[in-house]
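Q: Please walk me through this structure. Begin with how its elements are named and with what kind of model it is.

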Amino acid sequence: MANTCAICGATINVLQSQKLMDGNYICTKGCRAKGLKYYDYVHSDLDNVKDHIHQTEVGTKVWQDLMEPLKKTRDKNQKMQAFRPIYIAPSLGLIAVIEARGGLFNTKTYACVFRLENLQLYRTERMPARTSGSDKDKMCVHLGFVHTKGLNDVYIPFDSETDCHQCVDYLNKLFGLDDSFRSGIKKSVTQFKATKSMWDLAKAKKNGENLEEKAKATVDAFGATIIGDRTQFKDAADQALAGYDLD
Ligand SMILES: [Zn+2]
């Protein structure tokens, strides 16, 4: 039985078909190959797949134009940090996940490029063998981006556990957060949650005053402390991406 690719309209057999969560099919060779292997097609609908393809098209261009040239830079301020396949360019306010395909002499690199300001979650995680496609559990870096369409929850498996930790440590330093600082903050947050629930109680009793808003402002203030100050990265990314149609 033949299917039809919901993106390019090609007639495809079962082996050439990728089924999406919403029941649509896309062709593996033409359309699925326009995105990265890190993207979870099985749990995505057609709109999100289209967003991801667009994200990869523009990301690949941004990578070629702005990021790849930084590999060779001698300027310390422009230096790009590599935890292959993750590349971090603080001077541009950008972080890329790349995928190189092809042989030695005809490699084509595809990339998704994200704003560092949107990186809300980054941590090391153990990826079970069945998910990573290898025969044993692998360590991975889990990246989660807010305000980002397409690929925004990414698991990157690493062969070396050390590389995984180095990547996360680097990001902590970049955002001005080291481990001791983080655990300190965790304690304050726990204390604060208790305070907030007291406020909620007070709100139920008193109706006139907007205590909820007051509590929210304080939560936001704590949030800024936990994720670090991202202003400089936002400004850099705004400038770098000015000519590109990326979130
Ligand atoms: Zn197609």
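A: Helices (H or I, at least four residues) and strands (E, at least two) are DSSP runs, numbered from the N terminus. Residues are numbered from 1 along each chain as its sequence is written, and side-chain values use heavy atoms, with hydrogens and water left out. Local features need pLDDT of at least 70, side-chain atom pairs count only at pLDDT 80 or more, and totals for chains, interfaces and linings use all residues, all of this applying to a predicted model.

Q: Thanks! What percentage of the residues in the protein chain is buried?

A: The protein chain is built with six helices and 11 strands. A residue is buried under 20% relative accessible area, exposed over 50% and partly exposed in between (1.4 Å probe, protein chains only). Of the 247 residues in the protein chain, the buried share is 38%.

Q: What share of the contacts with a separation of 6 or more joins residues 24 or more positions apart?

A: A contact means heavy atoms within 4.5 Å. Among the contacts in the protein chain with a separation of 6 or more, those between residues 24 or more positions apart account for 50%.

Q: Let's turn to the metal. Which residues coordinate the zinc ion?

A: Donors are N, O and S atoms within 2.8 Å of the metal (3.2 Å for Na, K and Ca); water is not among the atoms, so sites may look incomplete. For the zinc ion, the donor atoms are SG atoms at 2.3 Å. In sequence, the donor residues follow the spacing C-x2-C-x18-C-x3-C. They are Cys-5, Cys-8, Cys-27 and Cys-31.

Q: Which geometry do the donor atoms around the zinc ion form?

A: Four donors count as tetrahedral if all angles lie between 85 and 135 degrees. Around the zinc ion, the four donor atoms subtend angles of 105 to 116°, so the arrangement is tetrahedral.

Q: How many residues apart in sequence are the parts that Cys-8 and Cys-27 tie together?

A: Both residues are donors to the zinc ion. Cys-8 sits in the loop between strand 1 (3–4) and strand 2 (11–12), while Cys-27 belongs to strand 4 (residues 25–27), so the pair ties together parts whose separation in sequence is 19 residues.

Q: Of those two, which one counts as buried?

A: Cys-8 is at 46% relative accessibility, so Cys-8 counts as partly exposed. A value of 8% makes the other one buried, and that residue is Cys-27.

Q: Is Thr-11 buried or exposed?

A: Thr-11 has its place in strand 2. Leaving out residues up to four places away in sequence, Thr-11 touches Ala-2, Asn-3 and Gln-16. Its C-alpha atom is separated by 9.7 Å from that of Ile-26, 15 residues apart along the chain. Because its relative accessibility is 62%, Thr-11 counts as exposed.

Q: Which residues of helix 6 are buried, and what covers them?

A: Helix 6 spans residues 231–240, and its buried residues are Phe-233, Ala-236, Ala-237 and Ala-240. The cover over these buried residues includes helix 1 (46–67), strand 7 (94–101), strand 8 (108–115) and helix 3 (161–174).

Q: How far apart in space are Gln-239 and Gly-93?

A: Gln-239 is also found in helix 6. With a relative accessible area of 66%, Gln-239 is exposed. Gln-239 and Gly-93 are 146 residues apart in sequence, while their distance in space, C-alpha to C-alpha, is 9.1 Å.

Q: Which residues does Asn-118 touch, sequence neighbours up to four places away not counted?

A: Asn-118 is found in the loop between strand 8 and strand 9 (119–127). Its relative accessible area is 5%, which means that Asn-118 is buried. One of its partners is Phe-145, 27 residues apart from Asn-118 in sequence and 5.1 Å apart in space, C-alpha to C-alpha.

Q: What is the phi of His-147?

A: His-147 has its place in the loop between strand 10 (138–145) and strand 11. Because its relative accessibility is 68%, His-147 counts as exposed. Although His-147 is not a glycine, its phi is positive, at about 50°.

Methods
Four donors count as tetrahedral if all angles lie between 85 and 135 degrees; four count as square planar and six as octahedral if opposite donors are over 155 degrees apart and all others between 65 and 115; anything else is irregular.
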